[in-house]
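Welcome! Here is a short tour for anyone meeting this structure for the first time.

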Amino acid sequence: METAKGYAERFTTNLDVILSVMGFGLGLLIVSLYYIINLNQEDIGITVLSACLIYFVFRNKFKSEAAISSQENRFKSILGISFYLIFLACIFIYSTNLYYRPISSFILICILAAVIASQILYIREGDGVTSLLLQIFLLSILIRVGIFYNFPSLMGYDAYFHASMARVVTDTGFVAPIETSGKYFYYPIFHIFISIIQILGETDIKNAIFYSIGFASVFSTVGVYLVGKKLEGVQMGLLATLLINLNNHNIVAGITNITPGSLVLCYFIFIVYAIFSEKQSLRYTAVILLITILMVLTHQLTTFVVFLSLITICVGKYLHNRVYKSLFTKANSFNYILFFIVSLQTYWMFTYVNTDTSFLEMVLSPLMDVLQSGSSYSSNELIVGSVSNQETLETLLLHISYLALPFFAIGGVLVWFSREDVKKINKFSIALVVIILYGLAYGIPLLGMRNFLTSRWFPLIAVFLVLVSASYMLKLVSLFNSKKAKIPIMFTIILLFSFVMVTTPGINKDNPLVAKDTTVRNQFKSIEIEAIKTVTAKYSGNIFMDSPYDSCLFYRDRGYDSSNATYFNIQHIQTGEIDGNPVVLLRKSTIKEPISINDPERYGVNIIQTLPEEFFNRLKAHDYARVYDNEEVFAYTKEEKRPETKRP
């Protein structure tokens with residue numbers, strides 16, 4: 001018995017070493033499988049392998065204190081002044097460039113992020129942090145303004161639908177009927193929220209979206225700072241707040257493709273803060289319960305991820321209590337989780353995705369099918385991964401953009417499982433959340449299920465990732481004893497981190513620095529919007545256009561039925577044959593910019609390519625007439641062939 005206890009104690013006190021060795025072996029296995037069975041996940045393997053190796057080598061050299069002496073305040077003041085000067089330069093660049101952001105704007109944004117991170121190194125417990133939080137928020141808003149207002153249109157695909165639903169609420173005072181809004185008839189909070197801002201602000205729907213979700217997604221991250229401060233101090237809290245505002249997943253969720261999940265993310269940050277602040281007042285509890293109900297009424301799957309996170313936190317605390325004999329307030333946590341379960345399950349049972357299927361059935365049915373008969377996808381691509389034809393540098397930058405945060409998070413998890421930190425219950429539970437949720441986010445798609453939309457999970461998971469990542473970055477900086485070395489190291493880390501985050505195609509469609517051949521622009525110029533308004537005002541029949549230009553129907557004439565519009569697929573491009581007599585809209589830019597072309601023979605498959613000039617030339621033939629031309633968008637209709645009349 002004593003021997004078993006001795007082994008158990010040795011295991012729990014050396015958990016970081018055991019996990020780092022296991023992680024190194026796992027990464028080595030994944031890389032090996034790339035050469036053995038062509039498993040196209042070698043980038044993930046290298047990330048896991050290198051992160052575990054670096055931690056294992058330097059684990060005994062990490063220090064807790066990384067703040068620079070207050071005697072260096074003169075340089076700190078220079079950094080603060082330089083931030084605002086560079087910030088003004090960024091504003092000038094944005095104001096002088098329309099539909100385009102030059103490389104200088106991205107470099108300056110990265111420098112701003114690095115300047116903030118360098119100032120964080122000077123912060124000690126008890127120092128004021130208002131100025132740094134202000135700088136983080138200004139940088140975050142600057143990034144989002146540069147993306148959101150660089151074109152007059154919205155950005156994304158789902159964003160147009162949700163903007164339409166919000167506009168209905170504003171125009172009518174009621175939630176759109178189920179025939180129009182579908183399943184979102186039962187989840188109206190997001191649309192009502194935007195509508196309220198539009199009415200109170202007396203502004204259009206685009207500004208209302210930014211003033212509501214854009215600002216909320218930035219200012220709610222103060223909750224991340226408060227959690228980080230409680231866990232490890234003000235430095236970690238500030239750095240975690242900076243990271244979550246730079247993370248590309250959170251930028252997408254917060255501005256470039258706004259959905260109800262964007263609002264759930266704001267609620268979630270508050271719930272996480274409430275859990276770790278451990279306040280027990282009645283008012284505080286009432287607010288938490290109210291926010292939980294609002295989440296359930298806002299979105300389905302993102303709320304489910306919130307539920308998974310909270311369950312994992314409670315499980316982590318329970319395990320920690322059993323292993324390390326820590327204190328754990330069981331009753332309150334259990335009652336809250338029970339309340340969450342009842343609310344979520346009850347609402348899912350009585351909300352429908354169509355007339356015959358409840359949302360609960362829609363979620364559980366594929367899971368039961370997989371468990372009983374296996375995945376319906378049965379494709380090697382689910383396991384092997386798709387083969388990229390991009391250049392090596394492009395592939396490297398794209399992969400680093402989604403592996404950079406997990407790389408630092410792996411090191412942070414190992415640090416929080418170390419002998420010094422593993423006995424801290426909150427750190428243990430957060431590290432467990434990172435492991436379990438990331439495992440589910442990658443594992444569920446491998447089962448062949450798509451209805452859980454795990455790609456939407458990452459902004460929520462990032463709330464925990466940035467905490468462990470910020471902790472690990474500070475540990476890496478602490479490896480350097482020289483005070484003069486700490487600032488350049490932190491400056492470089494954040495400079496490179498922010499560069500791969502803000503230049504990804506998902507948030508940089510106006511001027512992609514990488515993957516130009518596969519980045520589809522879904523923002524539109526004023527001249528492209530004007531073409532839609534003009535054509536839909538004069539023509540009520542079928543309009544034929546490219547995707548994603550069909551999203552621009554959001555700006556159509558109110559009298560035009562958008563269901564009359566269709567977009568061409570790969571067969572139309574190859575044959576040039578267009579059935580019926582629609583108005584065909586062609587954008588001049590599509591000769592040089594790729595669009596998304598559907599393949600009707602393969603469900604859900606889209607081909608990213610530019611339109612061939614031959615397709616344009618066919619429409620210039622004698623049987624088509626150009627009926628609209630604003631130099632950027634052309635409209636064609638088939639000319640009616642009149643029967644020839646014989647001369648007497």
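The notes below cover helix packing and aromatic pairs.

This is a predicted model, in which local features need pLDDT of at least 70 and side-chain atom pairs count only at pLDDT 80 or more, while totals for chains, interfaces and linings use all residues. Residues are numbered from 1 along each chain as its sequence is written, and side-chain values use heavy atoms, with hydrogens and water left out.

- Two packed helices are described by the angle between their axes and the distance between the axes.
- Helices (H or I, at least four residues) and strands (E, at least two) are DSSP runs, numbered from the N terminus; axes are lines fitted to C-alpha atoms, for helices over the stretch in contact, and angles run from 0 to 180 degrees between N-to-C directions.
- Helix H5 (residues 103-120) packs against helix H6 (residues 130-148) at about 165°, and their axes are 10 Å apart.
- H5 is therefore roughly antiparallel to H6 (over 145 degrees; under 35 counts as roughly parallel, 65 to 115 as roughly perpendicular and the rest as oblique).
- In the contact (heavy atoms within 4.5 Å), H5 residues including Ile109, Leu112 and Ile116 meet H6 residues including Leu132, Ile136 and Leu139.
- By class, the contact of H5 with H6 has 10 nonpolar, 2 polar and no charged residues (Ala, Val, Leu, Ile, Met, Phe, Trp, Tyr, Cys and Pro count as nonpolar, Asp, Glu, Lys and Arg as charged, and the others, Gly among them, as polar).
- Helix H4 (residues 73-95) also meets H6: their axes come within 11 Å and cross at roughly 15°, which means that H4 is roughly parallel to H6.
- Among the residues making this contact are Phe83, Tyr84 and Phe87 of H4 and Leu134, Leu138 and Leu142 of H6.

**Aromatic pairs**

- The structure holds 30 aromatic pairs (rings of Phe, Tyr and Trp, the last by its six-membered ring, with centres within 6.5 Å; planes under 30 degrees apart count as stacked, over 60 as edge-to-face and the rest as tilted).
- Phe524 and Tyr549 form a tilted pair, 5.7 Å centre to centre with 55° between the planes, and the pair links parts of the chain 25 residues apart.
- Phe524 is buried (under 20% relative accessible area, with exposed over 50% and partly exposed in between, using a 1.4 Å probe and protein chains only), at 0%, and Tyr549 is buried at 0%.
- Phe544 and Phe568 are an edge-to-face pair because their planes stand at 70°, with ring centres 5.5 Å apart.
- Both Phe544 and Phe568 are buried.
- Ring pairs also link a cluster that includes Phe137, Phe148 and Tyr149.
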